[in-house]
Amino acid sequence: MKRSILILTALCAVAALCRPQRAEAQVLPNAYFNIDWQIGIPVSNDFADKASGWGANLEGGYFLTEAITIGGFLNYQTNFGEVGRQTLVLPSGNALTTSQKHSVFQLPFGVAARYNWLQGAICRPYAGLKVGASWAEFASYYSIYKQSTDNWGFYLSPEVGVSIFPRRDLRFGIHAAFYYAYATNSGDLLTYSIDNLNSFGFRIGVSF
């Protein structure tokens, strides 16, 4: 959780440094940037199955044409789970009786592409696709102990969203998006086996 707080603090600092720019005076007139708070809901994941708002998304890109953008993204998401007191028979043959708190931390990054509609309007919808790599850590906390494993995987995430600019002469507005994410990260921890990570969720933040 400390790692999530540090990353979220860094993203907020970036947002604070980004002042609204008038469209005609923007340093990168053909670029866009989004900084979002992210809510992630796991699918088919019994290890950490709780919806969580411990997430954030940073994305930027360049308009190749009026409709098509290409750029990059970095986001993170932490989800949690709880297991009541039970006895686990470990692969070593030893038995462990305890309650547990689980977490899955994901850090995907890569290329983001969009198809945009209604450029110049107040509401500008788009459909996008993110493709890249994802680092994930699976952790179990019990008593004063932590056991974890981590690995790299492939990441794929389609999304639909909209950027809303209340003033057309001021390139600063609201961004919102729905997304689905699939990552090939897998791992074995204690008696648990995690095979791929699937989730969907919502992002809301600022666009400039």
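Visitor: Leaving aside its neighbours within four places in sequence, which residues is Asn-45 in contact with?

Guide: Contact means heavy atoms within 4.5 Å. By that criterion, and with neighbours within four places in sequence set aside, Asn-45 touches Val-104 and Leu-197. The model is predicted, so local features need pLDDT of at least 70 and side-chain atom pairs count only at pLDDT 80 or more, while totals for chains, interfaces and linings use all residues. Residues are numbered from 1 along each chain as its sequence is written, and side-chain values use heavy atoms, leaving out hydrogens and water.

Visitor: Is Asn-45 buried or exposed?

Guide: With a 1.4 Å probe and protein chains only, buried means under 20% relative accessible area, exposed over 50%, and partly exposed in between. Asn-45 counts as buried because its relative accessibility is 10%.

Visitor: How many aromatic pairs are there?

Guide: Rings of Phe, Tyr and Trp (its six-membered ring) pair if their centres lie within 6.5 Å; planes under 30 degrees apart are stacked, over 60 edge-to-face, and the rest tilted. The count comes to twelve aromatic pairs. Among them, Phe-47 and Tyr-192 are edge-to-face, with 5.6 Å centre to centre and 70° between the planes. Phe-47 is buried at 4% relative accessibility, and Tyr-192 is buried at 18%.

Visitor: Why is the pair of Phe-109 and Trp-152 edge-to-face?

Guide: Their ring planes stand at 90°, with centres 6.0 Å apart, so the pair is edge-to-face. Phe-109 is partly exposed at 36% relative accessibility, whereas Trp-152 is exposed at 56%.
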